[in-house]
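Open the model in your viewer and keep the selection tool ready. Each stop below says what to select and what is there.

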Amino acid sequence: MDDNRVSFRVHKDDLSNAVAWVARSLPTKNTQPVLRAVVITVDDAGLEFAGFDYEISSRVRIGAEVDQPGRIAVAGKLLSDIVANMPNKPVEVSTDGSKMLLQGGSARFELPLMPLDDYPQLPNLPEVTGTLSPADFVGAVTQVASAAGRDDTLPMLTGIHMEIDGSSMQLTATDRFRLALRTISWQPRSEAIQAKLLVPAKTLLDNARTLDTQIDNPVEIAVGGADNIGGEGLFGLHSGNRETTTRMLDADFPNIQPLLPKSHTSMASVTIAPLVEAIRRVSLVADRNAQIRMHFNEGEVTLYASGADSGEATEKVPAEYHSAAGEELVIAFNSGYLKDGLAAIPTEKVVFGFTESSRPAIMIPQPQQLPELGADGTFPTPETDFTYLLMPVRLPG
């Protein structure tokens, strides 16, 4: 196989999808320009496209008519943009010295090749640890990722914590102001497996968004690359013709169990769609992501928002509300965090659980029925596979 010399013919859509998938995780700025490259390996089995920036690696294979095997590197995002805009005709690719030639229909491009001498060796996918359905994986990651932190000075909060115990997998993320927790089942290679992994939330969400939940290909999870499974090892995903690895975070995720209330002094059930619409309307007068005040009483919740220079707004939404002491409740939340939580609830109604207006509240999918008041004068937390815990905003006085 001669590096720097290739020749092949491929379907435009296949080429476009493969290059775009690899290019999405390539760095836009880097001290090493070669890391912005997509590496194309051409062999008798077809084409492999790969990218690596020392943190994230991506590989995808597609079929092609191969005339000349070889291995080349070219600017990934530029190639992705070019192929996406080429005519819908088969694309012929060849090399001429230090150039890559692309021809599709009447469109022709020449791109400079990038030197492979300095390109790092791509990591291999670790041994497969277990599998789960794309729908379960995408759903769980999407639900919890919004609660992950974005402050790189607190790396332990920028990840999704995956706690594996046999066939149960619990995904958790928190930025200190809210917390999301989802439990799913999966098929581990060993029922005795126990592991705690901390995977960058952004990477995990980016990968989840590219998975096709309509196909039957299971998602294979592969973990390894470090002596300690929870250390700074590699977390890999393989589905269909795509595989990716990312370096796990070498940080300790906080213990979140003490934060989750076991019981509540009041609970409310509200239909999500009209609640979201009402939040959107009253937020028009509020500063960006300002607080939304919620006043719960029997049969309804009243939303209130105001802005320094823009007035105030209120709106009532029907709600089923139960209080152990028969008292009304006034509580305020960051409107952006509240909307993120509502967007993550998959049922028609959301159930709120409250203790005090100054203490975190939970939001969960609607159970079959709300819990009865217990002998201790509180409502127990219903059984649920998803919990969104939200810190309230302190109210004046």
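**Stop 1: Phe-8**

Select Phe-8, which is found in strand β1 (residues 7-10). Helices (H or I, at least four residues) and strands (E, at least two) are DSSP runs, numbered from the N terminus. The model is predicted, so local features need pLDDT of at least 70 and side-chain atom pairs count only at pLDDT 80 or more, while totals for chains, interfaces and linings use all residues. Residues are numbered from 1 along each chain as its sequence is written, and side-chain values use heavy atoms, with hydrogens and water left out.

Is Phe-8 buried or exposed? Phe-8 is buried, with a relative accessible area of 2%. Buried means under 20% relative accessible area, exposed over 50%, and partly exposed in between (1.4 Å probe, protein chains only).

Now show the contacts of Phe-8. Contact means heavy atoms within 4.5 Å. Leaving out residues up to four places away in sequence, Phe-8 touches Ile-40, Val-42, Leu-47, Glu-65, Val-66, Asp-67, Val-91, Glu-92 and Val-93.

**Stop 2: the whole chain**

Zoom out. The protein chain has 6 helices and 29 strands. Its C-alpha atoms fill a box of roughly 80 × 55 × 40 Å along the principal axes. Of the 397 residues, 50% count as buried. Among contacts with a separation of 6 or more, 67% join residues 24 or more positions apart.

**Stop 3: Lys-99**

Select Lys-99 in strand β8 (residues 99-104). Lys-99 is partly exposed, at a relative accessible area of 38%. Beyond four places in sequence, Lys-99 touches Ser-94, Glu-110, Leu-111 and Leu-113. Show the side chains of Lys-99 and Glu-110: they make a polar contact at 3.3 Å. A polar contact is a pair of N or O atoms within 3.5 Å; within protein, one must be able to donate a hydrogen and the other to accept it, and residues adjacent in sequence count only if both atoms are side-chain atoms.

Next, jump to Phe-296. The C-alpha atoms of Lys-99 and Phe-296 are separated by 67 Å.

**Stop 4: Phe-296 and the cores**

Phe-296 is in contact with Ala-268, Val-270, Val-301, Tyr-321, Glu-328, Leu-329, Ile-331, Phe-352 and Phe-354, leaving aside neighbours within four places. A nonpolar core is a set of buried Ala, Val, Leu, Ile, Met, Phe, Trp, Tyr and Cys residues joined through side-chain atoms within 4.5 Å. The largest has 67 residues, and Phe-296 is one of those with the most contacts inside it, as are Ile-160, Met-162, Phe-235, Met-294 and Phe-352. Helix α3 (residues 134-145) gives the largest share of this core, 6 residues. A second, separate core of 27 residues includes Phe-49, Ile-72, Val-83 and Leu-111.

**Stop 5: helix α4**

Select helix α4 (residues 201-210). Its residues Ala-201, Thr-203, Leu-204, Leu-205, Asn-207 and Ala-208 are buried. Their cover includes β4 (56-62), α3, β11 (159-165), β15 (194-200), β17 (234-239) and β18 (242-247).

**Stop 6: the cavity**

Which residues line the largest cavity? Select Val-199, Thr-203, Leu-204, Asn-207, Phe-235, Gly-236, Leu-237, Thr-244, Thr-245 and Thr-246. On a 1 Å grid over the protein atoms alone, a cavity is a set of points where a 1.4 Å probe fits but cannot get out, and lining residues have an atom within 4 Å of a point. α4, β17 and β18 each supply at least two lining residues. The volume is about 40 Å³, meaning the space filled by probe spheres set on the points.

Technical notes: 1 Å grid on protein atoms, 1.4 Å probe; cavity = no way out; pocket = protein on both sides within 12 Å on 5 of 7 lines; lining within 4 Å.
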